[in-house]
Amino acid sequence: MTSTSGLVPGDDLGRGAPGREAEGRGPNRPGEFSQEDDLAPAAGWGAALSVMKVLGRTREAVRGPHAILKMNHENGGFDCPGCAWPDDRKGLHLDICENGIKHVTWEMTRKKVGRDFFAAHTVSELSGWTDFALEDQGRLTEPMVYDPASDKYRPISWDSAFELVGATLRGLDSPHQAAFYTSGRLSNEATFLYQLWAREFGTNNLPDCSNMCHEASGRAMTEALGTGKGTCDTEDWERADLLIVMGVNAASNAPRMLTALAEAHRRGAQVVHVNPLVEAASRRTIVPHEFLAMAAFHATATGTMDVQPRIGGDLALLRGVAKAVLERAGTDPSVIDELFIERYTANFDAYRKIVKEASWEELTHQSGVPEQTIRDLADRYMAADRTIIAWCLGVTQQEHGCDTVREIMNLLMLRGNLGREGAGPTPIRGHSNVQGNRTCGIDHRPTEDWLARLDAACAIRAPREHGLDTVATIRGMLDGSVRVFVSMGGNFALAAPDTEATFAALRNTDLTVQVSTKLNRSHLVHGRAALILPCLGRTERDVQASGEQGVTVEDSMSMVHLSYGMRKPPSQQLRSECAILAGMARATLPDSATPWEYLVQDYDRIRDTMAQALVGFEDFNRRVRLPLGFRIRQPARERVFLTASGRAEFHPAPVPDVLLRSGMLMLSTMRSHDQWNTTIYSDDDRYRGVKNLRTLLFMNRADMTERGIDEFDLIDITSFARDGSTRSVYGYRALAYNIPPGCVSGYMPELNVLCALGDYSEQSDQPLMKHQIVEVVKQ
């Protein structure tokens with residue numbers, strides 16, 4: 001049995017570091033936290049006031065607004081380092097959001113973390129600081145190496161740092177003893193160099209954040225449509241009659257999507273939100289760039305219907321909609337697109353049979369949604385000529401995530417909502433270039449076609465055997481088969497599941513390398529040797545031998561565009577991600593024929609190589625300089641399905657049993673509003689009415705009453721893993737919320753400790769962050 005108090009034994013994961021609290025981040029003491037009914041519109045003046053506070057706290061009253069006016073713009077602007085929602089294509093001058101501005105000002109801070117800071121603090125001491133306090137110290141300014149004798153980081157030259165990496169990697173018994181992780185902020189150019197380094201070294205051990213987020217989407221869509229990406233663009237969103245948005249609170253996760261939802265509602269489209277929690281994004285918004293609406297406090301609705309399935313009940317809900325459609329087709333064949341199904345799909349008869357066999361009793365019982373509600377949703381679907389279904393991690397981070405995404409494809413195919421304007425699937429990606437990372441080669445399971453093109457373009461012989469994903473990498477570090485861990489961005493120690501196991505895994509390595517902009521928990525949970533290599537941020541000028549460089553990103557709708565930083569870097573010692581990767585690669589592969597240094601002198605040379613290696617990137621340098629860049633061709637958008645059958649595949653999966661034994665609850669973790677992944681800006685969650693509290697659990701009031709729990713009572717939460725082990729956190733607060741009976745929700749990364757390393761989907765290999773069986777008891 002594993003037992004923790006919300007902290008890994010011997011480590012403070014951010015609760016109550018004396019004397020290190022910043023504004024808005026005090027320790028949770030009784031009387032200082034609260035929850036209020038907050039029905040204010042999403043975005044609008046609440047967002048504006050929040051932004052003003054951030055600009056004031058970071059003392060960026062001049063540079064901040066200037067940067068905001070350059071964000072998400074062509075002609076020299078930089079891409080928002082936040083979410084992957086596409087940029088406006090109609091010349092909008094304030095295509096921004098609260099989270100993006102927080103991201104930029106977080107990066108633009110004047111505070112700096114250099115050798116004096118590290119000389120004053122041991123790693124043991126810093127381990128007791130809050131995660132907010134660590135990042136709040138400011139920007140890293142020079143490369144540092146861990147000194148075990150003093151338990152401190154000390155300065156190291158770039159050349160010496162590169163040689164430490166190279167010598168350690170060359171000394172391994174096998175290239176497969178190293179793993180190369182990336183978060184979703186890495187540019188396309190750096191991504192391409194990163195995977196080239198790993199593969200020329202000899203391994204496909206390329207775990208990434210997609211392994212924990214949208215892996216289910218990619219696998220399911222590839223099986224169904226022959227592509228792992230959505231087929232829609234922003235113009236499709238402007239033409240849709242029905243938008244079904246599943247498993248996401250857009251107000252926090254993709255705030256610029258609120259504009260699309262508000263515009264859809266204004267033109268008379270139906271907007272249905274499917275989520276166990278009724279969130280701010282499903283109510284109304286004041287769009288920041290609509291100045292008259294802001295001035296008049298005029299809000300626009302962003303939803304016409306809320307559907308609240310139980311956690312894990314999405315597949316049963318969608319199957320119910322399909323059942324209602326097929327029942328209607330018995331008397332009105334026009335409600336399904338028979339011509340599309342006949343010409344472009346396979347396995348329809350098998351799918352129709354399994355839908356017919358599903359009883360309404362089973363579907364309502366498993367989904368937790370009444371039959372009439374499901375039929376109401378089906379009526380809206382049948383009345384819409386063009387439908388888009390969008391989804392995020394509330395769908396994918398579950399045991400049956402792949403089957404659920406395939407059911408989304410099934411439902412779209414029933415009415416021919418593929419390959420035509422205003423219709424199709426839209427996975428909502430998180431980090432700004434997470435989709436580009438996968439496109440440009442961060443994939444532990446690359447196809448032979450992909451590798452063959454890479455070999456031809458780069459004159460290497462890439463390894464063919466599949467590599468390790470995130471969960472397998474942690475296991476490898478634990479058992480010693482992975483001895484070196486390199487991370488390009490992110491905060492792996494906190495983002496990964498099973499915090500105690502992840503910490504132990506990282507500490508069991510010979511070397512950890514963290515390429516970062518700010519200090520975070522992953523720098524303190526390190527291998528026997530450790531490097532911190534500071535890099536430029538996306539807002540900063542990147543000047544190489546040929547002059548100022550731009551980098552590219554791919555948004556969640558396959559648009560690729562250039563991004564140019566505008567600020568002077570906070571330290572002359574900072575290097576770009578591309579330059580750091582080239583330095584490590586050359587030190588690792590001294591005899592490599594790859595011209596690493598030559599490529600980094602001018603990023604156009606990297607892009608020329610990418611144009612040879614990547615399908616859809618032909619004539620890369622010219623096309624990316626077109627207004628708004630270019631869209632990567634999507635065969636499925638043209639009804640060309642690159643599946644084994646050459647057709648879109650219906651998938652007749654059984655409806656899973658997601659009901660729990662008596663007394664158990666299903667936990668889904670999520671972000672608060674004032675948070676971006678593992679970066680926490682404050683302990684507040686404005687859209688859920690919470691102030692100064694993160695160690696909480698949102699519960700259905702009936703579940704609280706059944707357990708004798710009152711509002712804000714202290715509770716203990718225990719999770720039950722497949723292998724029989726348990727994990728616990730203690731001293732959390734119970735908050736009543738509009739969530740279905742039997743379901744609870746709380747914040748990551750604090751509750752990642754409850755997700756056992758062995759609890760991952762057998763369909764996608766994703767950790768079950770939103771599908772944890774727990775027991776809750778009052779203290």
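## Helix pairs and a sheet

Author: Happy to, and keep in mind that this is a predicted model. Let's begin with a pair of helices: H22 and H28 cross in a right-handed way.

Reader: How do H22 and H28 lie to each other: roughly parallel, roughly antiparallel, roughly perpendicular or oblique?

Author: H22 covers residues 448-458 and H28 covers residues 603-613, and their axes are 8 Å apart. The angle at which they pack is about 135 degrees. Roughly perpendicular stops at 115 degrees and roughly antiparallel starts over 145, so H22 and H28 are oblique.

Reader: Which residues of H28 does H22 meet?

Author: On the H22 side, the contact uses Arg453, Leu454, Ala457 and Cys458. By class, this contact of H22 with H28 has five nonpolar, two polar and one charged residues. The partners in H28 are Thr609, Ala611, Gln612 and Ala613.

Reader: Now H14 and H17: are they roughly parallel or roughly antiparallel?

Author: H14 (residues 314-329) packs against H17 (residues 360-367) with the axes 8 Å apart. Their angle is about 150 degrees. Anything over 145 counts as roughly antiparallel, so that is the word for H14 and H17: roughly antiparallel.

Reader: Is the crossing of H14 and H17 left-handed or right-handed, and how many residues in their contact are charged?

Author: H14 passes H17 in a left-handed crossing. The contact residues divide into five nonpolar, three polar and three charged. Arg319, Lys323 and Glu327 are among the H14 residues that take part, and Arg, Lys and Glu count as charged, so the charged count is three.

Reader: What does valine 145 pair with in S18?

Author: S5 (residues 144-147) and S18 (residues 529-534) run antiparallel and are joined by two bridges. The bridge partner of valine 145 in S18 is leucine 531.

Definitions and conventions: Residues numbered from 1 in each chain as written. Predicted model: local features only at pLDDT ≥ 70, side-chain atom pairs only at ≥ 80, totals over all residues. Heavy atoms only, no water. Axes fitted to C-alpha atoms, helices over the stretch in contact; angles between N-to-C directions. Helix = DSSP H or I, 4+ residues; strand = E, 2+ residues; numbered from the N terminus. Parallel < 35°, antiparallel > 145°, perpendicular 65-115°, else oblique. Left-handed = near helix turned anticlockwise from the far one by under 90°. Contact = heavy atoms within 4.5 Å. Pairing = 2+ DSSP bridges.
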